[in-house]
Amino acid sequence: MSVTQTTKREPTATSGTHRRPQGRSGERPNWLGAAVSWLWLAVVIVPIYWIVITSFKAQSTYYASNPLAPPSEPTLANYKMVIESDFPLYFLNSLIVTIGAVVPAVAVAFMAAYAIVRGGAGRFLRGVNSLFLMGLAIPLQATIIPVYLIIIRLHLYDSLMGLILPSIAFAIPLSVLVLSNFIRDVPKELFESMRLDGASEVTTLWRLAFPLTRPAVVTVTIYNALTIWNGFLLPLILTQSPDKRTLPLALWSFQGQFSVNVPAVLASVVLTSLPILILYVVGRRQLLSGLTAGFSK
Amino acid sequence: MTAFAPPARTGPPPAATREARGGVLPWLAVPALVIFVGFGVIPLIGVLFLSFTSWDGLGEIHLSGLTSWRAVLADPGLPHALWVTFLVMAASWAFQTPASILIGVFLAGRQRYRAVLAVVFFIPLLLSQAAIAIAYKALLDPNFGLGAGLHIDLLSQDWLGRPVLAFSTVIFVVSWQFIPFHSLIYQGGARQIPDSMYEAAELDGAGRVRKFFSITLPQLKYTIITSSTLMVVGSLTFFDLIFVLTAGGPGDATRVLALDMYKRGFQANLMGPASAIAVILVLVGLALALLLRRLGGRNPDASQLEGA
């Protein structure tokens, strides 16, 4: 992304006001920081490298070969085996649950955030806001038993819909917080001129607030999508039949079944992570800002 | 999607707002409110209710007074789970925080290394905890894992089979996933520290170490609080990772509260006691969040700049 930045070190006095404090003149390099960063980079890379190369090794050669050497005869057999054990179905389930939860979650959160910012003086909306803020402080996993009960009573146990509804609810507090922070930054005059033009609140939301806060919407969407895509506890508790599994759960049961076949297990790990990694390559900056949504603003 | 249907025109708002045309606004918050109440607030109240019942997860729910609470509070498993939870929290905080600050400050400073570092560095954040745990399980296998393959005895220990090793492994894997995230937060915080402060310190002859302790750390105070809050409250919910990696074992060496709740509820079918554990989990979470907020003195989400 910002790779175009030249590597020359400028004294801050001549750099623009948005410039980073990097390269203060006469600075010695931060050796400790550099050492820890590079060390940790190695710690991050080695397992990932091992996972990827091993997934291309044949099970028969796996035990004999040097674990850190790339496969002498790369094979796709592990991937074939994983794909043939219904992974496309689990992939589809994950996709349905993620899209089915993220789109409504962001939509209702956006409407709520808009209402809280625009009508926040009202007692009702103030109460709603504090309720969502409270939701941020509570480990939602702790509510899983009643959620399980509710899903059973709604006859949604073992259905994708049963995964979608709690996922939406769990996504709402943080989404509302982040979105309302951004809607608050829209200049008041713009709302005022919309009002003078006779626009309704719904029109103002759709025509003014939404386009102006689109980056925040993207950020929140990504954050929620990642959380739900990777979610494990809800599918573990709320589904039962194999054909309702989402990827993380499928991964887990696949591992239980084929734990001896390390290359195949690792191929399944790579396959389930691949969609996110592709997204990461496409939009690294958006994804990273999505990950720290609301925390680093 | 119900998103843009105008329910506003059809009825009076549930509460009057002070704005004359505010009639539509409260309605816009209703869909989010309904879903959150249905699957957030009601379960939260429900878990308290269920802790006073006995239920096997399938049959009828019976009120049983304090039976579940008595069983849970008398069980030595509870103090143990609390202790393990606390240890996980403390150890993961103590390991991640210094490393994340160092890396974050470093990443904030140097353009050259950053681009190279950043690409791979953040990948662990994207992976599901289940995937990470499964990969590490294979990697750490004493017979077939990386250490065994390299024939390095030091690396081919029974990482997940001995209590202390298993605990350390959990802390390491947690850090493997989250240090990049917290580094990112610290990077953001460090970038907001104005240059002028460092320049002034340089004029006073302060060295790098001095500047780090006198400017960088104090200026990062709110970032530290934010990051620590996330770490500490987040550590209460390390379910996926521990469940897949060790399932609480060996024995109950890594049986944290969330896992204890799951095992009692969904494996032993004792939903009453499991709900009592869940209530304790909520209380611990709230207490920690309040405590950290108190330490911060004000809203940690607010501007991280102080005295700039």
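A polar contact is a pair of N or O atoms within 3.5 Å; within protein, one must be able to donate a hydrogen and the other to accept it, and residues adjacent in sequence count only if both atoms are side-chain atoms. Keep that in mind, everyone, as we look at chains A and B.

A quick word on the ground rules. This is a predicted model, where local features need pLDDT of at least 70 and side-chain atom pairs count only at pLDDT 80 or more, while totals for chains, interfaces and linings use all residues. Residues are numbered from 1 along each chain as its sequence is written, chains are lettered from A in the order in which they are written, and side-chain values use heavy atoms, leaving out hydrogens and water.

So, how many residues of chain B are in contact with chain A? There are 116, and they meet 113 residues of chain A, with contact meaning heavy atoms within 4.5 Å. Together the two chains bury about 10200 Å², and carbon and sulfur atoms give 76% of that. Buried area here is the accessible area (1.4 Å probe) that two parts lose on being put together, summed over both. On the side of chain B, B:Phe36, B:Phe39 and B:Leu126 lose the most area to chain A, together 8% of what that side buries.

And our opening term? Across this interface the rule finds five residue pairs in polar contact, both residues at pLDDT 80 or more. Helix 1 of chain B, residues 25-50, supplies the largest share of the side touching chain A, with 21 residues; helices are DSSP runs (H or I, at least four residues), numbered from the N terminus.

Technical notes: Helix = DSSP H or I, 4+ residues; strand = E, 2+ residues; numbered from the N terminus.
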